[in-house]
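Keep the viewer open as you read.

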Amino acid sequence: MKIALVGATGLVGGVMRKVLEERGFGDCELIPAASARSVGKKVTFAGKVCNVVSVEEAIEHAPKYAIFSAGSGPSLQYAPLFAQKGTVVIDNSSAWRSNPDIPLVVPEINGDVVRPNDYIIANPNCSTIQMVMALAPLHKRYRIKRIVVSTYQSITGTGMKAVNQLAKERAGEPCDMAYPYQIDMNLFPHGGTFEENGYTTEETKLLNETRKILRDNEIRVSATVVRVPVTGGHSESVNVEFYEDFELSEVYDLLNNMPGVVVQDNPAENLYPMPLFAKDKDEVFVGRIRRDFSQPKTLNLWVVADNLRKGAATNAIQIMQMLLKR
Ligand code: A2P
(Lines give C-alpha, C1' and ligand atoms only; values in the text may rest on other atoms or scores of the structure.)
Protein backbone atom coordinates (compact mmCIF):
# COMPACT_ATOMS: atom_id res chain seq x y z
CA MET A 1 0.00 0.00 0.00
CA LYS A 2 1.26 3.47 -0.88
CA ILE A 3 0.84 6.32 1.61
CA ALA A 4 1.82 9.89 0.76
CA LEU A 5 2.85 12.15 3.60
CA VAL A 6 2.61 15.82 2.66
CA GLY A 7 4.66 17.88 5.11
CA ALA A 8 6.93 14.89 5.76
CA THR A 9 9.86 17.10 6.83
CA GLY A 10 7.87 19.00 9.46
CA LEU A 11 7.40 18.42 13.14
CA VAL A 12 4.05 16.62 12.78
CA GLY A 13 5.38 14.84 9.67
CA GLY A 14 8.16 13.31 11.80
CA VAL A 15 5.68 12.09 14.41
CA MET A 16 3.43 10.74 11.61
CA ARG A 17 6.32 8.57 10.39
CA LYS A 18 6.91 7.29 13.92
CA VAL A 19 3.22 6.53 14.57
CA LEU A 20 2.88 4.79 11.18
CA GLU A 21 5.80 2.52 12.12
CA GLU A 22 4.38 1.82 15.59
CA ARG A 23 0.99 0.92 14.14
CA GLY A 24 2.33 -1.65 11.71
CA PHE A 25 2.59 0.34 8.48
CA GLY A 26 6.38 -0.12 8.18
CA ASP A 27 5.95 -2.32 5.09
CA CYS A 28 4.00 0.34 3.21
CA GLU A 29 5.57 2.43 0.51
CA LEU A 30 5.88 5.89 2.02
CA ILE A 31 5.94 8.82 -0.40
CA PRO A 32 7.27 11.76 1.60
CA ALA A 33 6.42 15.13 0.06
CA ALA A 34 7.23 18.67 1.15
CA SER A 35 7.82 22.10 -0.36
CA ALA A 36 10.12 22.65 -3.34
CA ARG A 37 12.89 23.60 -0.85
CA SER A 38 13.04 20.04 0.43
CA VAL A 39 12.81 18.02 -2.79
CA GLY A 40 15.78 15.64 -2.87
CA LYS A 41 16.25 15.69 0.92
CA LYS A 42 16.07 12.35 2.74
CA VAL A 43 13.82 11.21 5.57
CA THR A 44 13.85 7.84 7.28
CA PHE A 45 10.89 5.53 7.60
CA ALA A 46 10.93 2.03 9.11
CA GLY A 47 14.73 1.86 8.85
CA LYS A 48 14.70 2.91 5.19
CA VAL A 49 15.91 6.16 3.68
CA CYS A 50 13.30 7.79 1.43
CA ASN A 51 13.71 10.73 -0.98
CA VAL A 52 11.45 13.71 -0.44
CA VAL A 53 9.47 14.48 -3.60
CA SER A 54 7.27 17.35 -4.74
CA VAL A 55 3.55 17.18 -4.01
CA GLU A 56 2.90 16.98 -7.77
CA GLU A 57 5.05 13.86 -8.00
CA ALA A 58 3.32 12.31 -4.96
CA ILE A 59 -0.07 12.83 -6.69
CA GLU A 60 1.18 10.94 -9.76
CA HIS A 61 1.80 7.86 -7.57
CA ALA A 62 -1.98 7.75 -6.86
CA PRO A 63 -1.41 6.43 -3.32
CA LYS A 64 -4.30 4.86 -1.40
CA TYR A 65 -4.01 7.54 1.31
CA ALA A 66 -2.42 10.99 1.53
CA ILE A 67 -1.95 12.41 4.99
CA PHE A 68 -1.40 16.17 4.99
CA SER A 69 0.31 18.28 7.61
CA ALA A 70 1.67 21.20 5.64
CA GLY A 71 -0.71 24.04 6.49
CA SER A 72 -3.91 25.20 4.81
CA GLY A 73 -2.49 26.55 1.53
CA PRO A 74 -1.07 23.23 0.26
CA SER A 75 -4.19 21.38 1.51
CA LEU A 76 -6.56 23.63 -0.44
CA GLN A 77 -4.39 23.40 -3.51
CA TYR A 78 -3.51 19.70 -3.59
CA ALA A 79 -6.14 17.70 -1.67
CA PRO A 80 -8.68 17.88 -4.57
CA LEU A 81 -5.97 16.73 -7.02
CA PHE A 82 -5.24 13.66 -4.90
CA ALA A 83 -8.98 13.01 -4.56
CA GLN A 84 -9.35 13.09 -8.36
CA LYS A 85 -6.84 10.23 -8.50
CA GLY A 86 -8.93 8.20 -6.05
CA THR A 87 -6.62 8.91 -3.11
CA VAL A 88 -8.30 9.44 0.25
CA VAL A 89 -6.87 12.59 1.88
CA ILE A 90 -6.71 12.95 5.67
CA ASP A 91 -5.96 16.59 6.26
CA ASN A 92 -4.49 17.97 9.45
CA SER A 93 -4.84 21.64 8.49
CA SER A 94 -7.85 23.89 9.08
CA ALA A 95 -8.51 24.19 5.32
CA TRP A 96 -11.51 21.85 5.12
CA ARG A 97 -12.75 21.53 8.69
CA SER A 98 -15.65 23.97 8.54
CA ASN A 99 -16.83 22.80 5.11
CA PRO A 100 -20.24 21.16 5.75
CA ASP A 101 -19.54 18.49 3.10
CA ILE A 102 -16.28 17.39 4.71
CA PRO A 103 -16.37 15.07 7.73
CA LEU A 104 -14.42 16.27 10.78
CA VAL A 105 -13.48 13.14 12.64
CA VAL A 106 -12.32 11.83 16.00
CA PRO A 107 -12.71 8.06 15.45
CA GLU A 108 -13.72 7.27 19.05
CA ILE A 109 -16.54 9.84 18.82
CA ASN A 110 -17.97 10.24 15.32
CA GLY A 111 -16.20 7.84 12.94
CA ASP A 112 -19.65 6.96 11.58
CA VAL A 113 -19.91 10.31 9.75
CA VAL A 114 -17.44 9.18 7.08
CA ARG A 115 -19.28 7.97 3.97
CA PRO A 116 -17.81 5.57 1.39
CA ASN A 117 -17.48 8.35 -1.21
CA ASP A 118 -15.60 10.80 1.04
CA TYR A 119 -12.19 11.52 -0.44
CA ILE A 120 -11.23 14.40 1.87
CA ILE A 121 -11.50 13.94 5.64
CA ALA A 122 -10.51 16.64 8.10
CA ASN A 123 -8.52 16.00 11.25
CA PRO A 124 -9.63 18.46 13.96
CA ASN A 125 -7.49 21.06 15.70
CA CYS A 126 -5.27 19.65 18.46
CA SER A 127 -6.96 21.58 21.30
CA THR A 128 -10.40 20.51 20.10
CA ILE A 129 -9.50 16.83 19.87
CA GLN A 130 -8.35 16.50 23.46
CA MET A 131 -11.26 18.53 24.81
CA VAL A 132 -13.98 16.59 22.97
CA MET A 133 -12.35 13.27 23.90
CA ALA A 134 -12.99 14.16 27.54
CA LEU A 135 -16.38 15.76 26.95
CA ALA A 136 -18.03 13.36 24.46
CA PRO A 137 -19.12 10.73 27.01
CA LEU A 138 -20.36 13.46 29.37
CA HIS A 139 -22.27 15.21 26.57
CA LYS A 140 -24.02 11.97 25.71
CA ARG A 141 -25.17 11.51 29.29
CA TYR A 142 -25.84 15.05 30.57
CA ARG A 143 -25.86 17.23 27.42
CA ILE A 144 -23.49 20.20 27.41
CA LYS A 145 -24.95 23.70 27.63
CA ARG A 146 -21.79 25.81 27.84
CA ILE A 147 -18.02 25.38 27.98
CA VAL A 148 -15.50 27.93 29.27
CA VAL A 149 -12.01 26.78 28.35
CA SER A 150 -8.53 28.25 28.77
CA THR A 151 -5.71 26.45 27.00
CA TYR A 152 -2.02 26.26 27.83
CA GLN A 153 -0.64 25.29 24.44
CA SER A 154 2.74 23.79 23.68
CA ILE A 155 4.99 25.60 21.24
CA THR A 156 5.24 22.38 19.20
CA GLY A 157 1.77 23.19 17.85
CA THR A 158 3.32 26.08 15.92
CA GLY A 159 5.91 23.85 14.20
CA MET A 160 9.64 23.61 13.81
CA LYS A 161 10.28 27.36 13.75
CA ALA A 162 8.77 27.79 17.22
CA VAL A 163 10.77 24.88 18.64
CA ASN A 164 13.92 26.53 17.25
CA GLN A 165 12.93 29.88 18.71
CA LEU A 166 12.58 28.47 22.23
CA ALA A 167 15.85 26.48 21.96
CA LYS A 168 17.78 29.52 20.72
CA GLU A 169 16.29 31.81 23.36
CA ARG A 170 17.30 29.35 26.05
CA ALA A 171 20.82 29.22 24.59
CA GLY A 172 20.94 33.03 24.45
CA GLU A 173 21.42 33.01 20.67
CA PRO A 174 19.70 35.14 18.01
CA CYS A 175 16.94 33.41 16.02
CA ASP A 176 14.12 33.68 13.51
CA MET A 177 10.99 34.55 15.45
CA ALA A 178 7.96 32.28 15.11
CA TYR A 179 6.05 34.50 17.57
CA PRO A 180 5.72 38.26 18.03
CA TYR A 181 7.45 37.97 21.43
CA GLN A 182 10.02 35.97 23.32
CA ILE A 183 8.38 32.72 24.47
CA ASP A 184 11.03 31.51 26.93
CA MET A 185 10.15 32.65 30.48
CA ASN A 186 6.94 34.07 29.02
CA LEU A 187 3.47 33.19 27.76
CA PHE A 188 0.91 35.06 25.70
CA PRO A 189 -2.86 34.95 25.16
CA HIS A 190 -2.49 34.66 21.41
CA GLY A 191 -2.80 31.56 19.20
CA GLY A 192 -3.49 31.93 15.49
CA THR A 193 -4.57 35.35 14.23
CA PHE A 194 -6.96 37.92 15.68
CA GLU A 195 -10.41 38.22 14.15
CA GLU A 196 -12.64 41.30 14.09
CA ASN A 197 -14.66 40.13 17.11
CA GLY A 198 -11.56 40.10 19.34
CA TYR A 199 -11.15 36.31 19.38
CA THR A 200 -8.31 34.45 17.70
CA THR A 201 -8.73 31.84 14.98
CA GLU A 202 -7.60 29.14 17.44
CA GLU A 203 -10.36 30.19 19.85
CA THR A 204 -13.03 30.14 17.15
CA LYS A 205 -11.93 26.63 16.12
CA LEU A 206 -12.73 25.41 19.64
CA LEU A 207 -16.31 26.61 19.20
CA ASN A 208 -17.03 25.50 15.63
CA GLU A 209 -15.22 22.18 15.72
CA THR A 210 -16.72 21.14 19.08
CA ARG A 211 -20.24 21.74 17.73
CA LYS A 212 -19.51 19.80 14.54
CA ILE A 213 -17.90 16.79 16.23
CA LEU A 214 -20.44 16.56 19.07
CA ARG A 215 -23.26 17.22 16.58
CA ASP A 216 -24.90 19.93 18.66
CA ASN A 217 -25.02 23.48 17.31
CA GLU A 218 -26.46 24.85 20.54
CA ILE A 219 -23.33 24.19 22.59
CA ARG A 220 -21.86 27.53 23.68
CA VAL A 221 -18.09 27.82 23.96
CA SER A 222 -16.02 30.66 25.36
CA ALA A 223 -12.30 30.05 24.78
CA THR A 224 -9.01 31.74 25.62
CA VAL A 225 -5.93 30.27 23.95
CA VAL A 226 -2.58 30.78 25.65
CA ARG A 227 0.82 29.80 24.29
CA VAL A 228 3.25 28.57 26.96
CA PRO A 229 6.96 27.63 26.79
CA VAL A 230 6.23 23.91 27.05
CA THR A 231 7.02 21.08 24.63
CA GLY A 232 5.22 17.94 25.89
CA GLY A 233 1.59 18.72 25.12
CA HIS A 234 -1.36 21.03 25.46
CA SER A 235 -3.20 21.51 28.77
CA GLU A 236 -6.73 22.81 29.16
CA SER A 237 -8.75 24.11 32.07
CA VAL A 238 -12.32 23.19 31.13
CA ASN A 239 -15.43 24.45 32.94
CA VAL A 240 -18.52 22.75 31.59
CA GLU A 241 -22.18 23.36 32.37
CA PHE A 242 -24.71 20.62 31.56
CA TYR A 243 -28.49 20.53 31.15
CA GLU A 244 -28.73 17.49 33.45
CA ASP A 245 -27.14 17.18 36.88
CA PHE A 246 -24.43 14.58 37.49
CA GLU A 247 -22.92 12.46 40.23
CA LEU A 248 -19.14 12.75 40.39
CA SER A 249 -18.81 8.97 40.74
CA GLU A 250 -20.66 8.52 37.45
CA VAL A 251 -18.48 11.17 35.78
CA TYR A 252 -15.44 9.10 36.78
CA ASP A 253 -17.07 5.94 35.38
CA LEU A 254 -17.93 7.61 32.08
CA LEU A 255 -14.38 8.94 31.68
CA ASN A 256 -12.82 5.63 32.71
CA ASN A 257 -14.93 3.84 30.09
CA MET A 258 -14.08 6.23 27.26
CA PRO A 259 -11.55 4.57 24.92
CA GLY A 260 -8.41 6.70 24.61
CA VAL A 261 -9.03 8.60 27.87
CA VAL A 262 -7.02 8.00 31.04
CA VAL A 263 -8.15 9.44 34.37
CA GLN A 264 -5.18 10.72 36.38
CA ASP A 265 -6.70 12.18 39.49
CA ASN A 266 -5.37 11.64 42.98
CA PRO A 267 -4.79 14.92 44.81
CA ALA A 268 -3.52 13.07 47.91
CA GLU A 269 -0.52 11.92 45.88
CA ASN A 270 -0.20 15.08 43.75
CA LEU A 271 -1.36 13.07 40.76
CA TYR A 272 -2.84 15.10 37.93
CA PRO A 273 -2.19 15.29 34.18
CA MET A 274 0.88 17.19 33.02
CA PRO A 275 2.68 17.61 29.67
CA LEU A 276 5.62 15.83 31.31
CA PHE A 277 3.50 12.65 31.61
CA ALA A 278 1.56 13.06 28.35
CA LYS A 279 4.57 13.51 26.05
CA ASP A 280 4.85 10.71 23.45
CA LYS A 281 1.60 9.10 24.64
CA ASP A 282 -1.47 8.55 22.47
CA GLU A 283 -4.03 8.96 25.27
CA VAL A 284 -5.84 12.02 26.58
CA PHE A 285 -5.33 12.49 30.34
CA VAL A 286 -8.03 13.96 32.58
CA GLY A 287 -7.74 15.05 36.20
CA ARG A 288 -8.70 17.70 38.78
CA ILE A 289 -12.27 16.44 38.29
CA ARG A 290 -14.47 18.46 40.63
CA ARG A 291 -17.84 20.11 40.92
CA ASP A 292 -18.01 23.85 40.31
CA PHE A 293 -19.75 25.02 43.50
CA SER A 294 -20.41 28.49 42.06
CA GLN A 295 -23.34 27.27 39.97
CA PRO A 296 -25.43 24.09 39.52
CA LYS A 297 -24.75 21.25 37.05
CA THR A 298 -21.23 22.48 36.36
CA LEU A 299 -17.95 20.57 36.36
CA ASN A 300 -14.27 21.49 36.26
CA LEU A 301 -11.69 19.34 34.46
CA TRP A 302 -8.00 19.56 33.59
CA VAL A 303 -7.23 17.89 30.26
CA VAL A 304 -3.74 17.19 28.87
CA ALA A 305 -2.55 15.41 25.71
CA ASP A 306 0.46 15.32 23.43
CA ASN A 307 -0.71 17.69 20.70
CA LEU A 308 1.60 16.11 18.11
CA ARG A 309 0.14 12.64 18.88
CA LYS A 310 -3.60 12.44 19.65
CA GLY A 311 -3.88 16.10 18.68
CA ALA A 312 -2.45 15.44 15.21
CA ALA A 313 -0.58 12.34 13.98
CA THR A 314 -2.27 9.63 16.04
CA ASN A 315 -5.79 10.85 15.30
CA ALA A 316 -5.04 11.10 11.55
CA ILE A 317 -3.61 7.59 11.44
CA GLN A 318 -6.50 6.24 13.53
CA ILE A 319 -8.84 7.65 10.85
CA MET A 320 -6.88 5.72 8.21
CA GLN A 321 -6.98 2.55 10.33
CA MET A 322 -10.72 2.93 10.78
CA LEU A 323 -11.21 3.20 7.00
CA LEU A 324 -8.97 0.19 6.36
CA LYS A 325 -11.06 -1.92 8.74
CA ARG A 326 -14.27 -1.21 6.79
P1 A2P B 1 9.50 22.16 4.06
O2 A2P B 1 10.30 21.46 5.12
O3 A2P B 1 10.00 21.88 2.70
O4 A2P B 1 9.29 23.61 4.35
P5 A2P B 1 6.32 22.59 10.39
O6 A2P B 1 4.89 22.78 10.78
O7 A2P B 1 7.10 21.76 11.36
O8 A2P B 1 6.98 23.89 10.06
O9 A2P B 1 6.28 21.74 9.00
C10 A2P B 1 5.57 22.15 7.87
C11 A2P B 1 5.66 21.08 6.79
O12 A2P B 1 4.89 21.52 5.65
C13 A2P B 1 7.08 20.88 6.25
O14 A2P B 1 7.26 19.54 5.87
C15 A2P B 1 7.07 21.81 5.04
O16 A2P B 1 8.04 21.47 4.06
C17 A2P B 1 5.69 21.53 4.50
N18 A2P B 1 5.28 22.57 3.57
C19 A2P B 1 5.23 23.90 3.79
N20 A2P B 1 4.78 24.55 2.68
C21 A2P B 1 4.53 23.61 1.74
C22 A2P B 1 4.06 23.62 0.40
N23 A2P B 1 3.73 24.76 -0.22
N24 A2P B 1 3.95 22.44 -0.26
C25 A2P B 1 4.27 21.29 0.34
N26 A2P B 1 4.71 21.20 1.62
C27 A2P B 1 4.85 22.34 2.32
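A residue counts as near a molecule or strand if one of its heavy atoms lies within 4 Å of it. With that in mind, 15 residues are around the ligand, and T9, L11, S35, R37 and S38 come nearest. Before going further, please note that this is a predicted model, in which local features need pLDDT of at least 70 and side-chain atom pairs count only at pLDDT 80 or more, while totals for chains, interfaces and linings use all residues. Residues are numbered from 1 along each chain as its sequence is written, and side-chain values use heavy atoms, with hydrogens and water left out.

What kinds of residue make up the shell around the ligand, by class? There are seven nonpolar, seven polar and one charged residues. In this scheme Ala, Val, Leu, Ile, Met, Phe, Trp, Tyr, Cys and Pro are nonpolar, Asp, Glu, Lys and Arg are charged, and the others, Gly among them, are polar.

Now zoom in on the oxygen atoms of the ligand. A polar contact is a pair of N or O atoms within 3.5 Å; within protein, one must be able to donate a hydrogen and the other to accept it, and residues adjacent in sequence count only if both atoms are side-chain atoms. The side chain of S35 brings an N or O atom to 2.5 Å from a ligand oxygen, and the side chain of R37 has an N or O atom 2.7 Å from an oxygen atom of the ligand. G10 takes part through its backbone, where an N or O atom lies 3.0 Å from a ligand oxygen. On its own the ligand has 570 Å² of accessible area, and the protein covers 71% of that. Such areas come from the Shrake-Rupley method with a 1.4 Å probe, and for residues only the protein chains shown count as cover.

Next, look for the aromatic rings. Rings of Phe, Tyr and Trp (its six-membered ring) pair if their centres lie within 6.5 Å; planes under 30 degrees apart count as stacked, over 60 as edge-to-face and the rest as tilted. Across the whole structure, a search finds seven aromatic pairs. In one of them, the rings of Y181 and F188 have centres 6.2 Å apart and planes at 50 degrees, so this pair is tilted.

How much of each partner can be reached from outside is a matter of relative accessible area: buried means under 20%, exposed over 50%, and partly exposed in between (1.4 Å probe, protein chains only). Y181 has 54% relative accessibility, so it is exposed, whereas F188 is buried because its value is 6%.

Elsewhere, ring pairs join Y142, F242 and F246 into a cluster.

Let's move on to the helices and loops. Helices (H or I, at least four residues) and strands (E, at least two) are DSSP runs, numbered from the N terminus. V15 belongs to helix α1 (residues 11–22) and is buried at 15% relative accessibility. I59 sits in helix α2 (residues 55–60) and is buried too, at 7%. Its C-alpha is 8.4 Å from that of T87, although 28 residues separate I59 and T87 in sequence.

Further along, helix α7 (residues 201–214) holds R211, a partly exposed residue at 22% relative accessibility. R211 and V132 are 79 residues apart along the chain, with 9.6 Å between their C-alpha atoms.

R215 lies in the loop between α7 and β9 (220–227) and is partly exposed at 48%. K297 also has a positive phi, near 55 degrees; its place is the loop between β12 (284–291) and β13 (298–305), where it is partly exposed at 32%.
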